[in-house]
Amino acid sequence: MFGGHVTVPVNSPHLRKSGSRQLFSDLGSSEEAASSHLIESEMKGVGGTPLAAAAMLPSPVLLWRLKVMLFFLWGFSCCKIGWDSVMRMSLDLRDLFLYEAFLYYNPFLLVTAAVWFWGANLWVFAQANVNYSKIFDLDQNHLTHKEIWKCATWMTIIVPTSMTSYLYLYSHGEVSWAASQPVLLYTAVAIILIFPFDIFYLSSRFFLLRTLWRIVFPFQAIAFADFFVADILTSMSKVFSDLERSVCRMVHKQVATIAWFEADSVCGSHAVAIPIILVLPYIFRFFQCLRQYKDTREKTSLLNALKYSTAVPVIFLSALKYHVFPDSWINFYRPLWLLSSVVNSLYSFYWDVTRDWDLSSFTRIFKFSKPHLISQIIYGQKWVYLWVIGSNLILRCTWTYKLSAHLRHNHLTVFAITALEIFRRFQWAFFRVENEWNKMNLKQNLQMGDISGEEEKLLNVNNHNV
């Protein structure tokens with residue numbers, strides 16, 4: 001009974017339900033069928049098990065290491081080709097040629113650095129549970145820090161590659177091809193920004209363009225994103241000045257020509273357009289403050305407008321050096337320029353510390369929701385106060401160097417100072433966004449009736465929108 005051969009009916013109801021497929025006829029045939037089915041599925045690429053498919057893919061860590069290795073290999077190649085190209089030139093042309101190359105490419109290099117810094121801002125906001133999408137009134141399709149860094153990575157690759165091509169082609173006698181490199185880069189960037197189709201993050205590009213439109217024409221109530229981006233533009237006024245000069249040379253076909261020597265030409269370093277472009281971001285911010293005063297009748301808006309107006313004499317007094325006699329510049333205009341520079345730097349520093357930031361909650365932004373090394377090093381540490389206040393004061397003063405057209409001849413120094421100013425601005429952004437987030441939470445608690453006397457006093461002291 002127990003050791004004999006048992007015949008199981010194929011159509012037994014104990015093996016399958018009515019209407020279903022036959023499960024097996026015998027053990028040997030079922031194994032062969034299963035094996036052949038699995039092999040056939042893998043060959044077709046469908047129906048395979050997730051484990052088998054995952055085993056065929058390379059490790060994410062391996063892919064990341066490969067990308068890093070290729071990135072550094074690309075960077076080394078660009079540096080080597082660029083250096084060899086510059087060394088091929090004569091000494092009398094080398095410095096002037098580098099100056100022109102920096103003129104065309106340093107705006108995009110600085111914008112790339114700004115995108116990297118903004119990605120770092122968003123990463124910290126996400127770690128600290130700061131709802132920046134609510135603060136900036138972003139839709140659900142807004143870019144995260146990973147997508148921002150992805151854009152920054154591509155910019156880091158494309159811009160130096162174009163610059164290396166420019167150096168290589170010019171040094172090897174291909175002047176016309178070299179002149180086309182910055183033109184192609186500028187054209188591609190313009191097309192991508194205004195491309196009307198749903199690629200390249202259309203909603204984010206539209207948000208940026210709409211915000212820039214609202215900054216230039218402040219005919220509506222000023223939102224947080226409007227004046228936040230406008231403040232960033234004031235730190236990038238040198239970028240816009242160089243962009244204007246670069247486009248001017250492209251339009252007048254002066255790229256890779258002897259126009260380097262013509263400082264008094266329409267696109268030269270003494271052009272009247274330079275101080276006008278430099279001052280525009282401050283004028284936009286000035287009118288934003290006036291619009292804010294019209295809507296709220298808060299006197300702090302007028303004081304803020306006064307702060308931005310102090311940048312105007314710094315810019316135009318510096319530009320006068322090329323249009324007045326040397327004695328007039330030394331005895332009259334230069335002392336005025338120095339005085340206006342000191343006033344602008346100290347006034348801006350005072351406003352950063354007392355208005356834009358809230359020192360009582362200065363380091364909450366670095367209190368991450370999960371344990372992290374950065375949070376352990378920065379959160380609650382006194383050196384953060386000293387660093388941020390001290391570096392903000394120093395970089396506010398050195399920023400005056402950049403605003404002054406008569407101090408722009410050392411392009412490497414100006415490039416470094418502009419990069420440091422962009423770093424200062426995004427360092428400022430941590431605490432400015434945190435302060436706004438704290439005020440939004442305090443207002444919400446006040447509406448719910450759950451707020452202490454100290455918090456209410458804090459809210460009243462910092463109750464300003466711009």
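## The second largest cavity

By class, 5 nonpolar, 2 polar and 4 charged residues line the second largest cavity of this predicted model. Here Ala, Val, Leu, Ile, Met, Phe, Trp, Tyr, Cys and Pro count as nonpolar, Asp, Glu, Lys and Arg as charged, and the others, Gly among them, as polar. The space in the second largest cavity is about 120 Å³. Of its 11 lining residues, Y99, N106, K238, D242 and H411 are the closest to the centre.

A cavity is a set of points on a 1 Å grid, over the protein atoms alone, where a 1.4 Å probe fits but cannot get out; lining residues have an atom within 4 Å of a point. Grid points are joined across faces, edges and corners, and a volume is the space filled by probe spheres set on the points.

Three helices, α4 (91–127), α10 (237–251) and α17, each give at least two residues to this lining. The largest share, 4 residues, belongs to α4. Helices are DSSP runs (H or I, at least four residues), numbered from the N terminus.

## The largest cavity

The structure has 4 cavities of 30 Å³ or more. The largest has a volume of about 140 Å³. It is lined by 16 residues, and the closest to its centre are Y282, Y308, S348, R396 and R425.

Which elements give two or more residues to this lining? They are α9 (224–235), α12 (299–309), α14 (326–356), α16 (382–403) and α17 (411–448). By class, the lining has 4 nonpolar, 4 polar and 8 charged residues.

## The second largest pocket

A pocket is an open set of points with protein on both sides within 12 Å along at least five of seven lines. The second largest pocket holds about 730 Å³ of space. Of the 16 residues that line it, W64, K67, V68, W149 and T153 are the closest to its centre.

Both α3 (60–87) and α6 (145–171) supply at least two lining residues. The largest share, 8 residues, comes from α3. By class, this lining has 11 nonpolar, 2 polar and 3 charged residues.

## How the model was read

Residues are numbered from 1 along each chain as its sequence is written. In this predicted model, local features need pLDDT of at least 70, side-chain atom pairs count only at pLDDT 80 or more, and totals for chains, interfaces and linings use all residues, while side-chain values use heavy atoms, with hydrogens and water left out.
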